[in-house]
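Here is a short note to read beside the sequence and the model. Please keep both in view while going through the points.

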Amino acid sequence: MNTIAEKFVKAGNYVSKNEMNALTTAYKQDRWAANTERLGRADSLSIWYTVEELENFLNEVKASGGNGVRIHFGVFPEGYRKPELVGMQTVVLVANRSKDETLQNAKELRGKNGEIIALDGPVPCPPYCGIGVGDLASSMGQSTIIVRDGNMEVI
């Protein structure tokens with residue numbers, strides 16, 4: 001590990017299943033329900049990458065002098081190559097480097113071609129991943145009660 005990476009404030013923490021459930025339940029109530037209502041179909045609840053994709057991306061970040069990754073939230077735009085995803089949320093991973101060891105001054109990292117080093121193309125769940133919204137909640141070991149327009153719904 002390089003010197004800068006060792007001095008960085010550790011931003012992530014491992015969480016328990018209860019903490020993960022609290023975070024995802026709050027998200028479903030506060031964001032997902034409204035997004036789903038607006039879209040008229042279930043919005044994505046998670047994003048999936050293979051370990052190999054993530055390892056390859058992190059290796060490129062390191063090889064290019066990066067010492068961090070920002071995960072930007074996004075929405076698949078009109079005209080996207082997979083029309084069934086238009087309007088759904090996604091993430092984009094962007095390589096970063098901070099020369100002064102602060103998170104506030106981390107800048108996007110550019111590759112050999114001058115473009116930022118970024119990874120998109122995740123698999124949104126739903127609609128992919130082989131499980132529907134109800135199955136997703138039960139596979140996570142919980143159901144969530146969503147209240148929309150005074151009506152309760154269990155997902």
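1. Leaving aside neighbours within four places in sequence, N96 is in contact (heavy atoms within 4.5 Å) with G66, N67, G68, R70, A106, K107, E108 and L109.

2. This is a predicted model, in which local features need pLDDT of at least 70 and side-chain atom pairs count only at pLDDT 80 or more, while totals for chains, interfaces and linings use all residues. Residues are numbered from 1 along each chain as its sequence is written, and side-chain values use heavy atoms, with hydrogens and water left out.

3. N96 lies in strand β3, which covers residues 89-97. Helices (H or I, at least four residues) and strands (E, at least two) are DSSP runs, numbered from the N terminus.

4. Is N96 buried or exposed? N96 counts as buried because its relative accessibility is 4%; buried means under 20% relative accessible area, exposed over 50%, and partly exposed in between, with a 1.4 Å probe and protein chains only.

5. The side chain of N96 makes a polar contact of 3.4 Å with the side chain of R70. The N96 side chain also reaches the backbone oxygen of V94, at 2.9 Å. A polar contact is a pair of N or O atoms within 3.5 Å; within protein, one must be able to donate a hydrogen and the other to accept it, and residues adjacent in sequence count only if both atoms are side-chain atoms.

6. As for the whole chain, it has 4 helices and 8 strands, in the order α-α-β-α-β-β-β-β-β-α-β-β along the sequence. Of its 155 residues, 32% count as buried.
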